[in-house]
Amino acid sequence: MNIDKEIDTRGLNCPLPILKAKKALADLKSGQTLKVVSTDAGSVRDFQAFARQTGNELVQQTTEGADFIHVLRRR
């Protein structure tokens with residue numbers, strides 16, 4: 001999968017990963033992808049709700065060790 005931008009929000013708790021993702025998505029063009037790496041377990045649920053509310057597509061969510069990986073496509 002082609003990732004256009006990646007941000008590391010490890011160590012940050014809700015709502016900071018979402019706020020940083022929102023800011024990063026604003027810098028992307030429609031259709032581009034953003035990868036967010038987080039250590040906040042609540043981010044899984046948060047990014048699902050964020051995608052529903054904003055219309056951005058949640059392409060993928062995975063867990064790698066202590067990291068939660070979220071890939072969003074800008075609407």
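1. Start at the end of a helix. Just after α2, glycine 55 has a positive phi of about 85°. Most residues other than glycine have a negative phi. Keep in mind that this is a predicted model.

2. Helix α2 itself covers residues 43-54. Its length checks out: at 1.5 Å a residue, 12 residues should span 16 Å, and the end C-alpha atoms are 16 Å apart, which agrees.

3. Which residues of α2 are buried? They are Ser43, Asp46, Phe47, Phe50 and Ala51. These cover an arc of only 135° around the axis, so they sit on the same side of α2. An α-helix has 3.6 residues a turn, so residues three or four places apart point the same way. The face turned away from the buried side carries exposed Arg45, Arg52 and Gln53.

4. What covers the buried residues of α2? The cover includes α1 (16-26) and β2 (33-38). It also includes β3 (57-64) and β4 (67-73).

5. Pro17, Ile18, Ala21, Ala24 and Leu25 are its buried residues. Viewed down the axis of α1, they fall within an arc of 125°, so they line one face of the helix. Lys22, Lys23 and Ala26 are exposed on the other side. The buried residues of α1 pack against β1 (5-8), β2, α2 and β4.

6. Aspartate 40 deserves a look. It lies in the loop between β2 and α2. Aspartate 40 is buried, yet it has no salt bridge. The nearest side chain of opposite charge is arginine 45, 7.2 Å away; a salt bridge would need the nitrogen within 4 Å of a carboxyl oxygen. Neighbours within four places in sequence aside, aspartate 40 is in contact with Leu12, Asn13, Cys14, Asp46 and Phe68. Asp46 is also among the buried residues of α2.

7. The bond joins cysteine 14 to proline 15, with omega about 5°. Most peptide bonds are trans. Proline 15 is in the loop between β1 and α1.

8. How do β3 and β4 run, and how many bridges join them? The two strands are antiparallel, with seven bridges. Glutamine 60 stands opposite valine 71 in β4. The hairpin of β3 and β4 has two residues between the strands. In this hairpin, glycine 65 takes a positive phi near 65°.

Technical notes
Residues are numbered from 1 along each chain as its sequence is written. This is a predicted model: local features need pLDDT of at least 70, side-chain atom pairs count only at pLDDT 80 or more; totals for chains, interfaces and linings use all residues. Side-chain values use heavy atoms; hydrogens and water are left out. Helices (H or I, at least four residues) and strands (E, at least two) are DSSP runs, numbered from the N terminus. The expected span of a helix is 1.5 Å times one less than its number of residues. Buried means under 20% relative accessible area, exposed over 50%, partly exposed in between (1.4 Å probe, protein chains only). The arc is that of the directions from the helix axis to the C-beta atoms. Contact means heavy atoms within 4.5 Å. Lys and Arg count as positive and Asp and Glu as negative; His and the chain ends are not counted. Two strands pair if DSSP finds at least two bridges between them.
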